[in-house]
Amino acid sequence: MNSNVYEVMEQNRSSIEDAWQNQMLNFREDERELTTVTKEVFLNSNTEFINSLMKHVVEQRDEIGSDLQDFFERTVQIGWPLSYVTKGLQVFRRIGLKTIISEKEDIDYVMDTFEEFDQSIDNLFESIVSFSTQNWRNTVSVQKKALLELSAPLIPVFEHISVMPLIGTIDTERAKLIMENLLDGVIENRSQVVLIDITGVPVVDTMVAHHIIQAAEAVRLIGSKCILVGIRPEIAQTIVNLGIDLSDFPTRSTLLKGVESALEITNKKIESLS
């Protein structure tokens with residue numbers, strides 16, 4: 001960045017900062033997510049923001065500094081809208097460009113300074129987009145992993161009997177997690193029988209059936225037995241039409257019937273006390 005921008009921003013620093021603060025206060029009144037933020041907190045954040053922006057320009061940086069990076073990260077982490085940051089940059093750009101144009105210098109000076117300042121703000125916008133995208137991806141990845149872990153739990157219901165209720169679509173990634181949870185849970189709970197409940201699975205196609213059969217076979221290899229329960233009439237019809245072979249895989253229509261079968265296999269029964 002050439003020295004022209006440095007000179008303009010330094011000479012007009014006070015007026016630029018005042019104009020920026022005023023416009024950001026107006027923005028706060030219109031942004032619903034910021035109306036709950038106290039004016040004092042908002043002004044303190046604004047002061048840090050504008051100081052970092054001015055430092056970025058005055059020090060003629062080509063890349064975003066650690067102070068602005070930290071500010072952007074904290075802003076996102078405390079739940080402020082991204083529009084606060086983008087609006088701050090937009091207002092700063094407009095005020096800065098207006099200040100540069102108002103300079104009483106030759107046209108070459110104005111255009112060179114204009115271009116340099118505009119490019120500096122563009123670099124900040126690119127950094128914001130890049131950071132926000134990565135932050136969003138990380139958040140989604142963590143949430144997805146958490147949801148996947150919750151979506152395939154193995155629940156012990158009786159001694160040596162466990163249930164794995166499945167809800168929603170089963171894709172390859174989730175099938176892998178089902179397999180891992182199933183095998184780990186069988187060993188941890190010393191399960192002799194595992195009931196895989198597909199009542200909440202909307203569609204059972206060839207791929208889904210293949211994954212379930214693989215899981216059952218893996219459980220059999222470590223000395224336990226799987227029973228598939230929750231087969232609705234439409235699911236049964238689909239399995240037949242697709243020619244899926246479940247002959248080696250015990251099935252029951254409901255979880256209750258599956259539990260009854262599991263109790264028989266483990267030589268247990270439920271008796272009424274009355």
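A cavity, in the sense used here, is a set of grid points where a 1.4 Å probe fits but cannot get out, and its lining residues have an atom within 4 Å of a point. Please bear in mind that the model before you is predicted.

By this rule there are two cavities of 30 Å³ or more. Which residues line the second largest cavity? They are I198, V204, A209, I212, L228, I239 and L246. This lining comprises seven nonpolar residues, with no polar and no charged ones, and the space amounts to about 40 Å³.

The largest cavity holds about 60 Å³. Its lining consists of L166, I170, A175, I178, I196, H211, I212 and A215. By class, seven of the lining residues are nonpolar, one is polar and none is charged.

I turn now to the largest pocket, with about 230 Å³ of space. Of its 13 lining residues, A216, E217, R220, D248 and F249 are the closest to the centre. Helix α8 (206-221) and strand β4 each give two or more residues, and α8 again supplies the largest share, here four. The lining divides into six nonpolar, two polar and five charged residues.

Finally, the sheet. Five strands form an open sheet in the order β1-β2-β3-β4-β5, with mixed pairing. Strands β1 (155-158) and β5 (251-252) are at the edges, each with a single partner strand, so one side of each lacks a neighbour in the sheet. Strand β4 (residues 225-229) pairs with β5 in the parallel sense over two bridges. L228, which also lines the second largest cavity, has T251 in β5 as its bridge partner.

Terms used:
Residues are numbered from 1 along each chain as its sequence is written. This is a predicted model: local features need pLDDT of at least 70, side-chain atom pairs count only at pLDDT 80 or more; totals for chains, interfaces and linings use all residues. Side-chain values use heavy atoms; hydrogens and water are left out. Two strands pair if DSSP finds at least two bridges between them. On a 1 Å grid over the protein atoms alone, a cavity is a set of points where a 1.4 Å probe fits but cannot get out, and a pocket is an open set with protein on both sides within 12 Å along at least five of seven lines; lining residues have an atom within 4 Å of a point. Grid points are joined across faces, edges and corners, and a volume is the space filled by probe spheres set on the points. Ala, Val, Leu, Ile, Met, Phe, Trp, Tyr, Cys and Pro count as nonpolar, Asp, Glu, Lys and Arg as charged, and the others, Gly among them, as polar.
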